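Here is a short report on how two chains meet and where space is left between atoms. Keep the model open as you read.

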There are 2 protein chains.
Amino acid sequence: MAPHKAPDSSRRSDRSRRAIYDAALALVGESGYRRTTIEGIAARAGVGKQTIYRWWPSKAAVLMEAFLDLAARAAEEAAPQAHGADPQDGGAEYGIPDTGDLAADLKLVLRATVDELNDPLMEAPTRALTAEGIVDAKLGAEFVEKLLDPQLALYVTRLRAAQEAGQLRPDADPRIALELLIAPLTHRWLLRTLPLTHAYADTIVDYALGGLAPRS
Amino acid sequence: MAPHKAPDSSRRSDRSRRAIYDAALALVGESGYRRTTIEGIAARAGVGKQTIYRWWPSKAAVLMEAFLDLAARAAEEAAPQAHGADPQDGGAEYGIPDTGDLAADLKLVLRATVDELNDPLMEAPTRALTAEGIVDAKLGAEFVEKLLDPQLALYVTRLRAAQEAGQLRPDADPRIALELLIAPLTHRWLLRTLPLTHAYADTIVDYALGGLAPRS
């Protein structure tokens, strides 16, 4: 394909879509969720309001998709080796590796999560959306269903495999077990209590797997 | 003292202070942190604006104190047996019991935390303040310093005692260990992923102390 060939309509759509995502994330990061409007996103993206309404039913829907796209890109950038699938599949489609060494696999994924959370591109929009979900139960539920639950499902899958391999307590509920791994990272990041580092991620995996009580 | 004796000025101050706390918490829960103003708090509390400015330098300062007071009252109500000290001392002054049984003591305190988080009086204002702290780094730092860190210090104290008693791994850092206990509760509550119950608190303590890996 010649480099200067006029873009066809699908390429034009791709460019508009990318511009809309970028505008939506920038605005929500700068002004917060409530003050971000479809009109504002359209103006910043240089598209008509109707273009946005043709593709998405609401502001929440645009933002949710912009986020899925951002998370997929950030995950890919932070640790391509931790994620198998094509980034085009969306943020929730990559899996947790299974090398047979549960601790090593979890450390790899939690370190990648640390990098994503510390990525300045993610910072402001993720905080804005999370904060709004905390006070707005309906938006929060959508956030959990579309963005968080698909990620948690990957942990359930990996922990179940570990259980079958005898690396996880047979009586542990993987859906609860995963919270010991991911909640400390989220807590530290959201509340900014202490620095969120790779060493911290490693320690959380060691403590969660080995337990805080002494092993005899 | 006769029941109908005219209140002296210190009792009048106490009543004003209580009315200001109640008004501040109600407003922040209804309208969010940003739309709550000193003027609005004064009007709702039925006091002059100057009364508030005489006692507190800023909106953040009033709210922070109202919260400390609310947390102390909620803690007292949720589980008086879990807290030794006088509620007048403020929310951060009660300790974690030390009966010699670390698991039992942690379950008692985490169950009380579940009750506090599920208390409808706490719900809206706590969510509003937490959400604002997530997007406003300065307010978030104040929130952590004045409200969260004093609570975390109680866990550090209790976990250190457990370590000396041989009930906690000698190589565990109590400041990190506590995050495995409290972060899952905060995560579930903030993001509303799944119900926050006493059974959940118990399970978190069991998993954190015993570890997710099988014990041989």
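A salt bridge is a side-chain nitrogen of Lys or Arg within 4 Å of a carboxyl oxygen of Asp or Glu. This is a predicted model, so local features need pLDDT of at least 70 and side-chain atom pairs count only at pLDDT 80 or more, while totals for chains, interfaces and linings use all residues. Residues are numbered from 1 along each chain, chains are lettered from A in the order in which they are written, and side-chain values use heavy atoms, without hydrogens and water.

**Salt bridges**

Over all chains, the search finds 30 salt bridges.

A:Asp98 sits in the loop between helix H4 (59–78) and helix H5 (102–118) of chain A, and A:Arg158 sits in helix H7 (137–164) of chain A, so the pair ties together parts 60 residues apart in sequence. Helices here are DSSP runs (H or I, at least four residues), numbered from the N terminus.

**The interface**

How many residues does each chain bring to the contact? Chain B gives 49 residues and chain A gives 49 residues; contact means heavy atoms within 4.5 Å. Together the chains bury about 4600 Å², 65% of it on carbon and sulfur atoms. Buried area is the accessible area (1.4 Å probe) that two parts lose on being put together, summed over both. B:Ile134, B:Arg169 and B:Leu212 supply 17% of the area that chain B buries against chain A, more than any other three residues.

The rule finds 2 salt bridges across this interface. On the side of chain B that touches chain A, H6 (120–135), H7 (137–164), H8 (174–191) and H9 (198–210) of chain B each give two or more residues. H8(B) gives the most, with 13 residues.

**The largest pocket**

A pocket is an open set of points on a 1 Å grid over the protein atoms alone, where a 1.4 Å probe fits, with protein on both sides within 12 Å along at least five of seven lines; lining residues have an atom within 4 Å of a point. The largest pocket holds about 400 Å³ of space, a volume being the space filled by probe spheres set on the points. Of its 18 lining residues, the closest to the centre are A:Arg34, A:Glu132, B:Arg34, B:Arg35 and B:Glu132.
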